[in-house]
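Subject: Structure for you to look at

Hi,

Here is the structure I promised to pass on, with some notes on what turned up in it. Please open it alongside this email and tell me what you think.

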Amino acid sequence: MVNVFMKNFFVVSFLKKICRDKELLNLALIVLYVALAFFLNEFVQNKPRYRMSFFLSMAFLLPVFLFPKQVKIYLLLFLGIVYIPTLINVAHIVIFGEVINPASLRCIFNTNWAEAWEFIVHFSSWQLAICLLAVLTFALLAFRTARPVNKLNPNLIKFLSRFCYLCLILTICKGAYTYYDRSNQLPVLALRDELHSYNQEVETTLRLRNSLPEYRFRNIKSSLPDDLPQTYVLVIGESLNRNHMSLYGYQRETSPLLKQIQNELLLFDNVYSPHATTLASLTKVLSFANDDAEGLAMLRGSLVDYFKDAGFKTFWISNQFDSGENDDLLGVWGHAADEPLFINKSYWRNLNAPFDEKVIPVFETALQDKAPKKLILVHLMGSHTRYTKRYPNSFNKFSGDGARALNVAQYDNSVLYNDFVVRSLIETLRKYSNNHAASLLYLSDHGEDVSEAPDSCHCHSEVIASEEMFQIPFIVWNSSKYNQIRSGFVQKIKSKQNVLFNSENLIHAFAELAGLKNKDINPRLSLFADNYKIPDEPF
């Protein structure tokens with residue numbers, strides 16, 4: 001006991017002496033920096049995202065040690081111009097594994113405070129908190145302890161201090177060079193170039209949108225009788241991965257209502273979205289644009305324009321926020337419909353949208369319209385994060401133990417509610433299509449990576465793209481009149497239920513589903529065509 005007491009006494013005495021002696025305290029903290037740098041360098045060798053974030057933040061601290069007399073000036077420049085963007089980049093690296101790119105900037109500048117807060121809550125983790133806290137603490141300690149070495153009196157301490165500074169600088173330089181060698185670009189310059197690329201994309205989009213031509217779709221011919229009432233419905237879900245639907249074999253009963261009418265549905269199980277984000281995906285899904293011809297989204301208009309030129313009255317019913325006709329292409333196309341109907345009236349793109357069932361009475365009103373030919377596009381909030389905001393308490397069926405399992409359960413609850421909404425839309429259409437050739441096609445804008453696996457982000461982002469983010473449901477329901485009039489066509493498309501298809505070419509398939517053709521519709525891109533060309537890869 002005496003020995004232990006004496007040892008502890010000497011340790012406490014030594015620590016007290018260090019704390020009283022500013023030079024020794026300074027030296028001790030420098031040694032701590034060096035040990036931390038060497039330790040983290042070793043610890044993150046096989047963890048590139050943590051290595052990148054650590055050295056990215058440390059590299060900017062070098063002037064503090066190299067030019068301590070100018071530390072106050074550097075502090076102002078450092079915090080305002082360099083370190084805040086650096087912290088943002090560090091957070092991005094920890095979450096996604098790489099620095100911010102144009103896709104990230106597009107998401108940042110197209111978001112709002114509500115969506116940003118949901119993103120922060122969704123991706124908050126103790127690893128991210130520790131990483132950012134460590135970076136901030138390191139910076140504060142550096143500013144607190146760095147000082148000209150000529151103020152350190154004992155020669156030994158001056159030597160050790162300089163040696164420690166040198167080791168620290170070499171360690172940081174080594175890590176920074178590793179990052180530079182990997183990215184071939186300094187972090188600040190890389191961020192500047194990515195921002196410039198994003199600005200160019202925005203300017204190009206604005207220029208093209210403002211000069212959007214009045215393209216006319218001519219000579220559209222229909223394979224159905226002119227006097228036959230027709231209604232075609234396109235329902236666009238949100239963030240729904242088909243692998244979470246029991247209709248597609250998921251173990252939880254997340255689509256019981258659709259399974260009840262499974263024999264009436266045409267279920268396609270090999271369909272992928274072109275992108276993992278809504279705007280990028282739907283820009284192609286609803287237009288003639290694809291990877292081979294992206295400019296056609298601007299040059300030819302959308303599905304709404306095509307059906308209007310074919311003589312259909314068009315309706316756009318959306319529970320997504322109204323982006324406005326001058327905001328993005330979806331806003332332009334939505335407001336181009338004869339009847340643009342936006343359910344979500346919440347302020348500034350608030351994600352507290354009404355539940356999707358609110359679209360059902362509006363959808364029924366559109367079906368009651370006297371126009372003999374109608375196109376109705378319904379855009380749902382679906383399974384957009386936060387998942388708990390997408391369904392009422394009566395659909396809170398699934399639960400899980402632990403944060404990840406609980407989040408998966410909440411996502412599955414949103415899928416269960418979506419099943420109710422889609423089935424209700426089908427039943428409403430059935431009610432008004434006794435003498436109509438009516439067809440409803442449901443698909444999601446993109447998927448969502450949601451599982452209990454540690455590497456599942458519970459998100460959709462092309463920065464860390466996974467196959468789950470592109471795997472979408474693709475379901476067709478036809479009225480009895482439609483099946484009667486187009487029995488041969490229906491039998492033909494039943495053989496396509498396992499064929500690979502990218503929804504970026506939906507406009508060609510949907511036009512054929514409605515029996516419409518002209519020079520703008522390419523059969524080689526239509527899943528339902530005899531001469532459809534199957535792509536080599538899903539996306």
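This is a predicted model: local features need pLDDT of at least 70, side-chain atom pairs count only at pLDDT 80 or more; totals for chains, interfaces and linings use all residues.

In soluble globular proteins, nonpolar side chains tend to be buried together.

Leaving aside residues up to four places away in sequence, F307 touches Y232, F312, T314, L375, F510, A514 and L516.

Next, have a look at strand β3 (residues 265-268), which is covered on both faces. L265 and L267 are buried on one side, and L266 and F268 are buried on the other. β3 pairs with strand β9 (residues 474-478) in the antiparallel sense, over four bridges. Within β9, V476 is the bridge partner of L266.

One residue I would like your eye on is K373, in strand β7 (residues 373-379). Which side chain of opposite charge is nearest to K373? That is D226, 4.3 Å away. The cut-off for a salt bridge is 4 Å, so K373 has no salt bridge, although K373 is buried. Beyond residues up to four places away in sequence, K373 touches D226, Q230, G311, F312 and K313.

Happy browsing, and do write back with your thoughts.

Best wishes

Definitions and conventions
Residues are numbered from 1 along each chain as its sequence is written. Side-chain values use heavy atoms; hydrogens and water are left out. Buried means under 20% relative accessible area, exposed over 50%, partly exposed in between (1.4 Å probe, protein chains only). Helices (H or I, at least four residues) and strands (E, at least two) are DSSP runs, numbered from the N terminus. Two strands pair if DSSP finds at least two bridges between them. Contact means heavy atoms within 4.5 Å. Lys and Arg count as positive and Asp and Glu as negative; His and the chain ends are not counted.
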